[in-house]
Amino acid sequence: MTDQNPQLFELNNGTMKVIVSNYGCTITSLFVPDINGKLGDVVLGFDTLEPYLNQLAPYFGCIVGRVANRIKEGKFTLNGTDYSLPINNGPNSLHGGIKGFDKVVWEVTEHKHGDNPSITFKYHARDGEEGYPGDLAVTATYTLTSKTTLRLDMEAVLENKPTPVSLAQHTYWNLAGHNSGTILDHSAQIFAKHITPVDETQIPTGEIKPVEGTPFDFTTAKKIGSSIHEVGIGYDHNYVLDSGEERSGLKHAVKLKDPVSSRVLDLWTNAPGLQFYTANYVNGIVGKGGAVYGKHGAVCLETQGFPNAVNQPNFPSVVVQPGGKYEHSMVYEFSVE
């Protein structure tokens with residue numbers, strides 16, 4: 001299966017259906033039932049691959065890397081060597097650079113059907129690609145592990161030089177349906193007592209700040225819209241996942257619920273952080289079926305290493321050593337209540 005053309009693949013277990021592309025490992029559609037058993041597509045995206053290939057998607061549905069989120073001024077030093085990355089977000093480098101993992105065609109190494117359908121993508125990142133050191137063999141596997149559960153397992157094996165690695169899945173979720181307006185009435189519970197506050201260019205200051213008594217407090221479920229007006233244009237912050245229960249090596253990161261459809265998404269991860277992003281910059285993008293996506297039309301739940309961790313010694317390290325392995329798993333559990 002070495003066909004390197006961008007195309008769409010389906011995972012379908014008879015209850016839920018996921019459409020995913022080998023271009024950027026992108027989830028383009030995800031159908032799950034509501035309280036009445038009616039299927040709805042709960043992710044923002046496009047009907048065809050053309051808009052993705054023409055860079056019209058603000059990271060809709062893709063896996064970003066080699067390093068997700070921002071690196072300050074696109075610079076870091078490892079083992080005494082200085083590295084410079086492309087600047088593509090204000091003064092910083094975002095989501096792996098100009099042509100990150102979201103903008104390449106991955107190889108499909110396996111596509112299984114049946115009760116637990118899965119697809120595995122593989123990509124070889126070269127030493128020096130987008131300024132990063134080291135050759136990296138990356139795999140990502142999407143599996144429908146139960147009737148209404150999607151699991152994503154990402155791993156990266158480093159062949160030579162040390163390098164930072166931090167992948168994130170950047171799907172834009174709207175549990176009422178991709179074409180249903182804003183997510184301000186969704187409730188969210190984030191299992192995090194702290195965030196990493198940022199400066200005016202969205203780079204963490206290095207502080208680990210309690211959320212208690214602030215608009216960032218989602219330790220108990222609350223509407224996303226309830227205090228969003230107090231945080232500028234919306235949420236775009238890294239939460240420190242320090243208070244979720246553990247299950248099979250994964251922590252409970254967030255519970256998202258839409259009151260209209262009664263759909264619930266519980267996300268579990270082994271990553272230390274969660275970028276909670278309320279689609280603040282989405283502005284009139286025409287998506288699937290002619291739906292117009294606007295500001296706060298979705299929420300991203302990007303589990304990740306902390307932003308700019310490669311330059312922050314007090315953040316969990318994102319550096320992988322030669323012969324070492326990066327592993328990041330996410331479980332998306334859908335239900336109704």
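Q: Let's start with I87: is it buried, partly exposed or exposed?

A: I87 is partly exposed, because its relative accessible area is 41%. Keep in mind as we go that this is a predicted model.

Q: Where is I87 found?

A: I87 sits in the loop between β8 (81–84) and β9 (93–94).

Q: And what does I87 touch, not counting residues up to four places away in sequence?

A: I87 touches E73, G74, N92, S93 and I98 on that count.

Q: How many Å separate the C-alpha atoms of I87 and L144?

A: Those C-alpha atoms are separated by 37 Å, and the two residues are 57 residues apart along the chain.

Q: New topic: what is the strand order in the open sheet of 6 strands?

A: The order is β16-β28-β25-β21-β18-β19, and the pairing in this open sheet is antiparallel. β16 (172–173) and β19 (209–210) each have a single partner strand, so they stand at the edges and one side of each is left without a neighbour in the sheet.

Q: Nice. How many residues of β28 are buried?

A: For strand β28 (residues 299–304), 6 of its 6 residues are buried, and the strand is mostly covered.

Q: Which residues point one way from β28, and which the other way?

A: V299, L301 and T303 point one way, while C300, E302 and Q304 point the other way. All of them are buried.

Q: How many bridges join β28 to β16, and how many to β25?

A: β16 and β28 run antiparallel and are joined by 2 bridges. Here Y172 stands opposite C300. Strand β25 (residues 273–277) also runs antiparallel to β28, with 5 bridges joining the two. In that pair, L274 has T303 as its bridge partner.

Q: What about β18 and β21, how many bridges there?

A: Strand β18 (residues 194–195) is joined to strand β21 (residues 236–240) by 2 bridges, and the two run antiparallel. H194 has V240 in β21 as its bridge partner.

Q: Is S227 buried or exposed?

A: S227 is at 8% relative accessibility, so it counts as buried; the cut-off for buried is under 20% relative accessible area.

Q: What is S227 in contact with, leaving aside its neighbours within four places in sequence?

A: S227 is in contact with P215, K222 and Y235. With K222 there is also a polar contact between the two side chains, at 3.1 Å.

Q: Let's switch to β3. How many of its residues are buried?

A: In strand β3 (residues 27–33), 5 of the 7 residues are buried, so β3 is largely enclosed by the rest of the structure.

Q: How do β2 and β3 pair?

A: Strand β2 (residues 17–21) pairs with β3 in the antiparallel sense over 4 bridges. I19 has S29 in β3 as its bridge partner. The hairpin of β2 and β3 has 5 residues between the strands, and G24 there takes a positive phi near 70°.

Q: And β3 with β4?

A: β3 and strand β4 (residues 39–41) pair in the antiparallel sense, over 3 bridges. P33 has L39 in β4 as its bridge partner. β3 and β4 form a hairpin with 5 residues between them, where G37 in the turn has a positive phi of about 85°.

Note on methods. Residues are numbered from 1 along each chain as its sequence is written. This is a predicted model: local features need pLDDT of at least 70, side-chain atom pairs count only at pLDDT 80 or more; totals for chains, interfaces and linings use all residues. Side-chain values use heavy atoms; hydrogens and water are left out. Two strands pair if DSSP finds at least two bridges between them. Buried means under 20% relative accessible area, exposed over 50%, partly exposed in between (1.4 Å probe, protein chains only). A polar contact is a pair of N or O atoms within 3.5 Å; within protein, one must be able to donate a hydrogen and the other to accept it, and residues adjacent in sequence count only if both atoms are side-chain atoms. Contact means heavy atoms within 4.5 Å.
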